[in-house]
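Okay, thanks everyone, I'll keep this short. Let me put the structure up on the screen, and then we'll walk through a few spots together.

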Amino acid sequence: MDIVYQNEYEWVRQTRGVLLDFCSELDPDDFTRQNGFGFQSVRDTLVHMADCYNAWLGSFVLLKTKKPLTSKEDLLELGLDEIKVRFEQVDSYVNEVFKVLKDQLDEPIQRQIPWREGGAPISMTPSKLLMHTITHEFHHKGQVMAMARQMGYEPPNTDVLGTVD
């Protein structure tokens with residue numbers, strides 16, 4: 001089953017690459033423009049997308065960090081190059097999940113959410129969290145494309161059907 005997930009994740013990476021390449025063509029002011037929906041700007045939305053992977057896979061599943069979410073202060077300092085580095089970390093976490101948990105993707109992990117104070121433990125499988133992070137990314141990728149259209153850009157096709165098998 002992990003081979004299927006790895007193939008699917010490669011498609012996710014390809015569509016993310018198209019998205020990030022497109023974002024490099026945005027005017028810097030448009031990249032950070034407050035658009036009034038979602039996470040307000042293209043930059044903020046991209047960081048939120050990476051933070052989701054860092055939280056659920058890097059923190060909850062792999063226990064690699066207790067502070068997976070970007071503070072508002074740090075967010076203001078991030079440019080596209082730093083965001084690309086964050087997605088490289090995301091890829092590292094995803095690959096580690098595939099490697100370390102390849103035979104345990106459907107076995108529940110029960111623990112408290114590491115980045116939250118207190119709270120009752122929750123139980124989630126790595127495969128469910130992997131699916132959540134991917135669908136979450138595609139949801140917000142659509143918001144980024146909508147923001148770009150509102151600003152007058154013509155976004156590229158970032159659908160998984162446009163990827164190479």
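Let's start with R33, which you'll find in the loop between α2, residues 28-32, and α3, residues 42-61. Before I go on, keep in mind that this is a predicted model.

So, is R33 buried, partly exposed or exposed? R33 comes out at 38% relative accessibility, so it counts as partly exposed; the cut-offs here are under 20% for buried and over 50% for exposed. And what does R33 touch? Setting aside neighbours within four places in sequence, R33 is in contact with Q40, S41 and M151. Its side chain also makes a polar contact with the side chain of D30, at 2.3 Å.

Okay, on to the rings. How many aromatic pairs turn up in a search of the whole structure? The search finds 5. One of them is Y9 with F98, an edge-to-face pair, 6.5 Å centre to centre with 70° between the planes. Y9 lies in helix α1, residues 2-23, and F98 lies in helix α5, residues 80-100, so this pair ties together parts that are 89 residues apart in sequence. Both Y9 and F98 are buried.

Now slide along to F22 and Y153. They also form an edge-to-face pair, 6.2 Å centre to centre, with 90° between the planes. Again we have distant parts of the chain being linked, with F22 in helix α1 and Y153 in the segment after α6, 131 residues apart. F22 has 6% relative accessibility, so it counts as buried, while Y153 has 22% and so counts as partly exposed.

The charged end of R111 sits over the ring of F60, 5.7 Å from the ring centre. The charged end of K141 does that with the ring of F138, at 3.6 Å from its centre.

Last stop, α6. This helix has 25 residues, and from first C-alpha to last it reaches 36 Å, close to the 36 Å expected at 1.5 Å a residue. Just after α6, have a look at G152, which takes a positive phi of about 95°.

That's my tour, so over to you for questions.

Definitions and conventions
Residues are numbered from 1 along each chain as its sequence is written. This is a predicted model: local features need pLDDT of at least 70, side-chain atom pairs count only at pLDDT 80 or more; totals for chains, interfaces and linings use all residues. Side-chain values use heavy atoms; hydrogens and water are left out. Rings of Phe, Tyr and Trp (its six-membered ring) pair if their centres lie within 6.5 Å; planes under 30 degrees apart count as stacked, over 60 as edge-to-face and the rest as tilted. Helices (H or I, at least four residues) and strands (E, at least two) are DSSP runs, numbered from the N terminus. Buried means under 20% relative accessible area, exposed over 50%, partly exposed in between (1.4 Å probe, protein chains only). A charge sits over a ring if NZ of Lys or CZ of Arg is within 6 Å of the ring centre and within 35 degrees of the ring normal. The expected span of a helix is 1.5 Å times one less than its number of residues. Contact means heavy atoms within 4.5 Å. A polar contact is a pair of N or O atoms within 3.5 Å; within protein, one must be able to donate a hydrogen and the other to accept it, and residues adjacent in sequence count only if both atoms are side-chain atoms.
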